Amino acid sequence: MSQSVLSLKNVNIYQEGKTILSDVNLEVNHGEFIYIIGKTGSGKSSLLKTLYADLALTEGEGKIVEFDLATLKEDDIPFLRRKIGIVFQDFKLLPDRTVKDNMLFVLRATGWVDQDGMDNQINEVLDKVNMKDFANKMPHQLSGGEQQRIAIARALLNDPEFILADEPTGNLDPQTSAEVLEVLRKINANGKTVIMATHDYALLIKFPNKTLKCEDAKIFEVVQRTV
């Protein structure tokens, strides 16, 4: 039987006092790959921010990877984020240090201390995204697609159960977007749950999966039309 890794019931999401999404009810099972679509400002990013506790859940019930979002304490947020890998549109790599040092920064910040263990983990995640030879490069020496692969590798460092990707192909050309999505699909095929917010409808047609749409402060499933 599929195991639920995310459950939202009667959730209302606010930002700066404004209702962004209302009456959200959502169940996500382990191993699913789900797209979230919708216009800019429709609530995609606000939903993801709620899931990784950047926005507090103040109304409704929410549980993700066994953490209760409604009662989550500030001290628990780092532990939640060890179980969730987050991939951003703008990569968020530290520009003043190498790929490896970007990775070390994250591992140390999440409690790793053993240098050999950290080195092995970095090699492993870079290998998963075919970037093992780029460990000593600086971010500015990498293309956008290469930086996003590094960002995905960084999201995998703590072997999370869940990957949240917020417009991960938004700054990339179509071919590179498809390559980055293939990386996420491979990660999903290896057992990780993935939710990906996107504007890129071409990718949805090329790689169809369950799709949710944010519109008029609601979120609902849409059926993709086959050509």
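Tutor: Start with Glu 215 and Lys 213, whose side chains meet in a salt bridge at 3.4 Å, N to O. The model is predicted, so local features need pLDDT of at least 70, side-chain atom pairs count only at pLDDT 80 or more, and totals for chains, interfaces and linings use all residues. Residues are numbered from 1 along each chain as its sequence is written, and side-chain values use heavy atoms, with hydrogens and water left out.

Student: What makes the contact of Glu 215 and Lys 213 a salt bridge?

Tutor: The term requires a side-chain nitrogen of Lys or Arg within 4 Å of a carboxyl oxygen of Asp or Glu. The pair has 3.4 Å, N to O, and therefore qualifies.

Student: How do you know whether Glu 215 is buried, partly exposed or exposed?

Tutor: Buried means under 20% relative accessible area, exposed over 50%, and partly exposed in between (1.4 Å probe, protein chains only). Glu 215 has 34% and so counts as partly exposed; Lys 213, at 24%, is also partly exposed.

Student: What is Asp 96 called by its relative accessible area?

Tutor: Asp 96 is exposed, at 53%. Its salt-bridge partner is Arg 97, at 3.2 Å, N to O, and Arg 97 is partly exposed at 26%.

Student: Why does the pair Glu 182 and Arg 185 count as a salt bridge?

Tutor: Their closest N and O atoms are 3.8 Å apart, so the pair meets the rule. Glu 182 is partly exposed at 40%, and Arg 185 is partly exposed at 28%.

Student: How many salt bridges does this rule give?

Tutor: The count comes to ten.
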